[in-house]
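Thanks, everyone. I have one structure to go through today, and I will keep it short. Please have a look at the screen.

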Amino acid sequence: MSGRALFCEPRRIRRGGVLTLVFTGVLVAGAVTGSLPGPTDRKPAAGSTQAAAPVGRHAKVAEAAEAAMAAGASPVEAAQRAVSRSGDRWGAVYSPDEYEEFTDALDGRYTGVGLWARERSGRIEVTGVGSDTPAADAGIRAGDRLRSVDGATVDGRPVTEVVSLLRGDDTDESAGTTVRLGLERGTRTWSETLRRARLSRDAVTVDGLPGGITVVKVAAFTKGSGGEVRDAVRKAPADAGIVLDLRGNAGGLVAEAVTAASAFLDGGLVATYDVEGEQRALHAEPGGDTVRPLVALVDGGTMSAAELLTGALQDRGRAVVVGSRTFGKGAVQMPGRLPDGSVAELTVGHYRTPSGRGVDGQGITPDLEAEEQALQQVGTVLAGLGR
């Protein structure tokens, strides 16, 4: 993972009474974490239990894991307890296999049923359904309410826990297993039994609207997605506007979000962040399209790296942001290898938009509030921006 900045989502499972946060990947909506590579993010050689010397907040977790190994106890469970005691809301510990599963998700592969969800007023709402997925085959669609998973009600539960139920506790073996969903659409309630599958998803899709408007939909910032956004902008008609649709985007690789920002900016600041009090900055590459009118579509499912991109385009005066307030996840995590080869992700700071706005817990307020008809309004907005 060295050299890659990432924002991703954990799911929660319990092992021996210990709460574990496990990456579900960046392709599901919910509370996401942001992480950046650091000096402890070095993979040991095959068969080795050696890890780079931890620094800062990682040291105490690594020490707990090492002490457990010496005593013949589970280093992962010891590390998990250390993270829990630290009060780090977004901290997590992953086994090597779980971390590998996460990297697969960053490449656009994941295990699940193909639906994305968010929490709204204590209820779980489906925000999107992938094509050719078990959820699509069952007729589930955006706007449906998820009431239960395998008989367990999901009202009032964190969306990360709901995602864990949808995916199954063991992601390596959950493909092919079934999950029963209780659903609601208007006054209708029903149940569907779906079979989990190994899925892939196109992170970037391009469509058109009347008047030559190009819609670039970014579902997640997986590997290569930033370049796909840049290519789509270059191929778009020169005399019409662009819509960057980030609704339901739960984040991903922050380096890809910066590349996407470079498609619309001629260099300059994208965001700042701090790591253990040390200030750092992310900059766009020069040469982006700064002329064509641009609208960024967002909603409550726009999270983390997608919020970073939105804030940059808004602060730099490059885009009109349309939709509803974004999720508000601006914490930064850094991964560090533990002595047994597992990985600890700990919060080390927060990022800010170019103007210095904090995102964590606040989100980004759009320039124009719009809900259901947001996509229909962009033509009017783009016309007002001029050609």
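This is a predicted model: local features need pLDDT of at least 70, side-chain atom pairs count only at pLDDT 80 or more; totals for chains, interfaces and linings use all residues.

Start with Ala68. Ala68 sits in helix α1, which covers residues 58–70. Is Ala68 buried or exposed? Its relative accessible area is 9%, and the cut-off for buried is under 20%, so Ala68 counts as buried. Leaving out residues up to four places away in sequence, Ala68 touches Ala73, Ser74, Pro75 and Ala78. For Ala78, ten residues apart from Ala68 along the chain, the C-alpha separation is 6.3 Å.

Now the strands. Strand β17, residues 268–275, pairs with strand β18, residues 278–284, through seven bridges in the antiparallel sense. One of the bridge partners to look at is Leu282 in β18, which goes with Ala271. Two residues lie between β17 and β18, and the two strands form a hairpin. In the turn, Glu276 has a positive phi of about 50°. β17 also runs antiparallel to strand β22, residues 343–352, with two bridges joining them. There, Thr272 has Arg352 of β22 as its bridge partner.

Last, the helices. Helix α6, residues 225–235, packs against helix α7, residues 254–262, at an angle of about 15° and with the axes 7 Å apart. Angles under 35 degrees count as roughly parallel, so α6 and α7 are roughly parallel to each other. Their crossing is right-handed. From α6, the contact uses Ser225, Gly226, Gly227, Val229 and Arg230; from α7, Glu256, Thr259 and Ala260. By type, those contact residues are two nonpolar, four polar and two charged.

How values were computed. Residues are numbered from 1 along each chain as its sequence is written. Side-chain values use heavy atoms; hydrogens and water are left out. Helices (H or I, at least four residues) and strands (E, at least two) are DSSP runs, numbered from the N terminus. Buried means under 20% relative accessible area, exposed over 50%, partly exposed in between (1.4 Å probe, protein chains only). Contact means heavy atoms within 4.5 Å. Two strands pair if DSSP finds at least two bridges between them. Axes are lines fitted to C-alpha atoms, for helices over the stretch in contact, and angles run from 0 to 180 degrees between N-to-C directions. Angles under 35 degrees count as roughly parallel, over 145 as roughly antiparallel, 65 to 115 as roughly perpendicular and the rest as oblique. A crossing is left-handed if the near helix is turned anticlockwise from the far one by less than a right angle, and right-handed if clockwise. Ala, Val, Leu, Ile, Met, Phe, Trp, Tyr, Cys and Pro count as nonpolar, Asp, Glu, Lys and Arg as charged, and the others, Gly among them, as polar.
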